[in-house]
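This report describes selected local features of one protein chain.

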Amino acid sequence: MRTRTLGTEGPAVSALGLGAMGMSGAYGAADRAESIATVHAALEAGVTLIDTGDFYAMGHNELLLAEALRGRDRDSYQLSVKFGMLRGPGPGFGGQDCRPEAVKNFLAYSLTRLGTDHIDVYRPARLDPAVPIEETVGAIKEMIDAGYVRHLGLSEVDAATVRRAHAVHPVADLQIEYSLISRAVEAEVLPTLRELGIGLTAYGVLSRGLISGHWSADRAAGPDDGRALTPRFAAGNVEHNLTLVEALRRVAEAKGCTVAQLAIAWVAARGTDIVPLVGARTRERLAEALPALDVELSAADLAEIEKAVPAGAARGDRYPSAFMSGLGVGN
């Protein structure tokens, strides 16, 4: 497994990370035993970066990872944890809470659920409009100084917020959606990260399975599957978006790889300062994703990919409308 460093201040991590959200019901029921087996398979393949959030099924995901990681050398993997999203006992979200006292409270719960004495990269999941980012980062800095957190991360914020946070404490990486059909980060955020020496961990590289090559227009997302509310999967949009996937499939076939591998390889090829996160929740999907790191893309390949999926070609927002206003960049 190759490694990449998260910016100039962050840790060296595997060139491909594992996003664990889907193991806790975000896309419908997941098999607990298979989820744990997938984490084990990822570790055995050399994946060291594992991403979670304390609000993924309200602690379920952290407890699942604690079980999967039990007995493993703590220095053999890195945990990236998001916090700050408020939820109730039913579906839906209730805003953010990134006050300094909330930061420390959320962290205490995460450390306990994960069964660890430190988090490698700790980050607010979204910007809290009621709390200056400097205050949130200041609290994380205190936790870094105390040894409970190793590195500061950010998630889904704009370039100006990145600069403000970085002025308080060095930011290791920004986690943000980045894929062939979600490229808003390229305009301002990515250049800012590179100017400041900050890495990027890219989630949604397969757009929640939409550009994996495995989705079809007649496949319905269940009522407990978040994709049922995602505009890009909505009728009228999904059919158009899947025509882009078919164009990408022709490029993949010419390269001798799968659509998913090509889409992951494209993100990885955008720079060695970028680490793609794959949300595999089965060993089969993980096994498909791992060889993407061996897919080398020439200038001609990149031109063919761009022709198949031009920037801005997708239809529909990447999140439901209620969530779009909380993002630092758009689609």
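This is a predicted model: local features need pLDDT of at least 70, side-chain atom pairs count only at pLDDT 80 or more; totals for chains, interfaces and linings use all residues.

When residues up to four places away in sequence are set aside, Leu293 touches Met1, Arg2, Ala15 and Leu16. Thr112 lies 181 residues from Leu293 along the chain, and the C-alpha atoms of the two are separated by 34 Å.

## The second largest pocket

The second largest pocket holds about 210 Å³ of space. It is lined by 13 residues, and those closest to its centre are Arg4, Ala268, Ala269, Leu293 and Val295.

By residue class, the lining of the second largest pocket comprises eight nonpolar, two polar and three charged residues.

## Strand 8 and its partners

Strand 8 (residues 119–124) is largely enclosed by the rest of the structure, because six of its six residues are buried. Strand 5 (residues 78–83) runs parallel to strand 8 and is joined to it by four bridges. Within this pairing, Lys82 stands opposite Arg123 of strand 8.

Strand 8 also pairs with strand 9 (residues 149–155), again in the parallel sense, over three bridges. Here Val121 has His151 in strand 9 as its bridge partner.

## Two non-glycine residues with positive phi

Glu156 has a positive phi of about 50 degrees, although it is not a glycine. Its position is in the loop between strand 9 and helix 5. With a relative accessibility of 1%, Glu156 counts as buried, because the limit for that class is 20%.

Ser207 likewise shows a positive phi of about 50 degrees without being a glycine. This residue is found in the loop between strand 11 (199–203) and helix 7 (238–255). Ser207 counts as buried as well, with a relative accessibility of 2%.

## Thr161 in helix 5

Helix 5 spans residues 159–168 and includes Thr161. The relative accessible area of Thr161 is 5%, so this residue is buried. Leaving aside neighbours within four places in sequence, Thr161 is in contact with Leu127 and Ile133.

## Cysteines

Which class of accessibility applies to Cys98? At 1% relative accessibility, Cys98 counts as buried. Cys257 also counts as buried, at 11% relative accessibility.

A disulfide requires a pair of cysteine sulfur atoms within 2.5 Å. By this rule, the model contains zero disulfides.

## Summary of the local picture

Strand 8 is paired in parallel with strand 5 and with strand 9.

Note on methods. Residues are numbered from 1 along each chain as its sequence is written. Side-chain values use heavy atoms; hydrogens and water are left out. Buried means under 20% relative accessible area, exposed over 50%, partly exposed in between (1.4 Å probe, protein chains only). Contact means heavy atoms within 4.5 Å. On a 1 Å grid over the protein atoms alone, a cavity is a set of points where a 1.4 Å probe fits but cannot get out, and a pocket is an open set with protein on both sides within 12 Å along at least five of seven lines; lining residues have an atom within 4 Å of a point. Grid points are joined across faces, edges and corners, and a volume is the space filled by probe spheres set on the points. Ala, Val, Leu, Ile, Met, Phe, Trp, Tyr, Cys and Pro count as nonpolar, Asp, Glu, Lys and Arg as charged, and the others, Gly among them, as polar. Two strands pair if DSSP finds at least two bridges between them.
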